[in-house]
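Visitor: I would like to learn how to read a model like this one, feature by feature. Please show it to me first.

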Amino acid sequence: MTQDLRIWKDVQRGQAFEIEVDGVPVVAYEGETVAAALMAAGIRTTNKTAVGDEPRGICCGIGLCYGCMMVIDGVPNTRTCQTLARPGMRLETQKGLQRWEVVE
Amino acid sequence: MKNPELIIIGAGPGGIAAAVEAARAGVDVKILDENPKPGGRIYGQLNDGFKLLNPGFLGPDYEKGKVLLTEFDTIREKIDYLHDALVFATFENRTMAFHQAGKGQRLPFNKLILATGAYDRPVPFPGWTLPGVLTAGGAQTLVKMQRVLPGKNILFAGTGPLQLVVANQVLDGGGKVEAILEAGEINNWLKLLKGFSRNWGLLTDGLQYMRAIRKADVPLLRRHIILEARGDRQVEEAVIAEVDKDWRAIEKTRRILKVDTICLGYGLVPSVELTRLVGCQHRYAPDLGGWIPARNEDMETSVPGVFAVGDGAGVAGSAMATFEGRIAGISTAQSLGYISSEEARKRKKPYLNDMKKMGRLRDALDRISYPRPGLFELAHDDTIICRCEELTLGDIKSAIGKGTIEMNALKRMTRMGMGRCQGRMCAPAVQEIIARQTQTPAAEIEYLNQRPPTKLVPIDVLESLPGEFEIRHGW
């Protein structure tokens, strides 16, 4: 078992798989939110603010504060605490307001 | 499709209890909840993928939740329950809009029960935006629902029993708690817990938590507060101090703790976005978390047929939410003609009695743990207050200095509260800042106007909404 912040007591986790965070593979389990997988791996900064370029991370954990937002599969401003991890998901640390991919 | 007679928003304890009572009487009920499973924050269930081997870590709430959720299950075929359904707007002509699975839908409502819950009170202080600073509720969600520790060396800072509960769950999960800071007087509320334990089992739980914390040798520092979180890219240390009875720091007691995580539990703020949007009258009740909708004894708000129950109508915990939900459910059944007023009175009686008993305890607890003035004086001029728009206390003070002393004007001047969180993380604090700067009682400062959407929704969801909408006058 890898050294991470997961608690294994009293629950059994589902299937393990990988997600990609800024190009680096990170393990996640079925049923975990993206935020939980990041916290377990010790990844705390999810975005840098638009004005002050300051790091932000998961704060309220219930989808209200938007501190934990990242670019998920190309979509910026996505709350990692409200998004279930899926195999092959690609995450990027969001920088400011970030550019949207223009869909024609 | 025929329109439901009663719509309930929120499937936490209040919403479920209301649905159960109304459906039992024969009312055609639809309940919408933004989460994947019913139960709300307190009785929430693990996501699919997790298998629960032993519910011990979920605490006594789990058993209480199971009873209510089982009741919900037994009458489920009579209730139209929509999960992952986020209600983000209400409009004129008693219509609402919700988002589910990438699509926007509109729904007319007749009777409406709002059971929207509450969230952790945001308390700005230097460094509170650093990664590693979480709310106690956020930390609890991680530990309880996701089984992940929020960090390696954890400091809890706040007031009241919730942070003890979360600290216990962290310890139970093998985590390390550096210290727990209680801004108030623990001894006071412990005495209270003892006095009421004969009536209320949930309060004896508090004593158990205390014992476990003592056993784990975690320092529980009463009359202590966090002044600052420091670190380069994330939390590395916390500056703490002892406080006086107004929660103002005693400077010579200031010291530093090496921690990588800070969990803040300063009580809850009611989520009144929808009661505001519907146009209910609100009043300021700091002992119940802040602004709350005014209600009569049937839980009906100033808008006829619109009810509000649970923490979203004044923070009082899950037991109270359940009683209120039942009363609102019975009341709607009566007003729709399913039961007589005599029958309604009979069904409501036990819950009204329970509420009366609970009320006495609430009063006592509130006097002990509601925020004191020092809590609102922690921010410095360069401390961020509005996280979304990155406005500092200095920015807000300077706008106030130029004469912008009304919250909605301040919003237009500075963009305060205009960001993604829609003011949830700054407005409670800004209200106190204006109060201090203008020497006005906080209760006299008008709160932010609510506009749809109450939460962000993708633009194509708005586009997919059928029909036209008229927004409420006064926006």
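Visitor: Leaving out residues up to four places away in sequence, which residues does B:D61 touch?

Guide: This is a predicted model, and in it B:D61 touches B:I42 and B:Y43 once those sequence neighbours are set aside. B:D61 itself belongs to helix 2 of chain B, residues 60–74.

Visitor: How far apart are B:D61 and B:S318, in sequence and in space?

Guide: The separation is 257 residues along the chain, while the C-alpha atoms are 9.0 Å apart.

Visitor: How does the radius of gyration of chain B compare with that of a compact globule?

Guide: For 475 residues a compact globule would have a value near 23 Å, and chain B, at 22 Å, agrees with that. The C-alpha atoms occupy a box of roughly 65 × 55 × 40 Å along the principal axes. Chain B contains 13 helices and 23 strands, and 51% of its 475 residues are buried.

Visitor: What should I expect of the nonpolar side chains, and which residues touch the most other members of the largest nonpolar core?

Guide: In soluble globular proteins, nonpolar side chains tend to be buried together. Here the largest nonpolar core has 158 residues, and B:A19, B:F156 and B:I262 touch the most other members. Helix 1 of chain B, residues 13–25, gives this core its largest share, eight residues.

Visitor: What is B:F156 in contact with, beyond four places in sequence?

Guide: Its contacts include B:Q163, B:V166 and B:A167, and also B:A136, B:V177, B:I180, B:L181, B:C263 and B:G265. B:Q163, B:V166 and B:A167 are among the buried residues of helix 4 of chain B. That helix, residues 162–172, is mostly covered, with nine of its 11 residues buried. Just after helix 4, B:G174 has a positive phi of about 90°.

Visitor: How many residues does each chain bring to the contact between chain A and chain B?

Guide: Chain A brings 36 residues and chain B 41 residues. On the chain A side, strand 1 (11–12), helix 1 (34–40) and strand 5 (55–56) each supply at least two. Helix 1 of chain A gives the most, with three residues. By type, that side of chain A divides into 16 nonpolar, 11 polar and nine charged residues.

Visitor: Which strands of the two chains pair with each other?

Guide: Strand 1 of chain A pairs with strand 3 of chain B, residues 51–52, in the antiparallel sense over two bridges. A:V11 stands opposite B:L52 of that strand 3.

How values were computed
Residues numbered from 1 in each chain as written. Chains lettered and ligands numbered in written order. Predicted model: local features only at pLDDT ≥ 70, side-chain atom pairs only at ≥ 80, totals over all residues. Buried ≥ 20, exposed ≤ 12 C-beta atoms within 10 Å, placed from the backbone. Helix = DSSP H or I, 4+ residues; strand = E, 2+ residues; numbered from the N terminus. Core = buried A, V, L, I, M, F, W, Y, C linked by C-beta atoms within 7 Å. Contact = placed C-beta atoms within 7 Å. Nonpolar A, V, L, I, M, F, W, Y, C, P; charged D, E, K, R; others polar. Pairing = 2+ DSSP bridges. Rg over C-alpha atoms; globule rule 2.2 N^0.38 Å.
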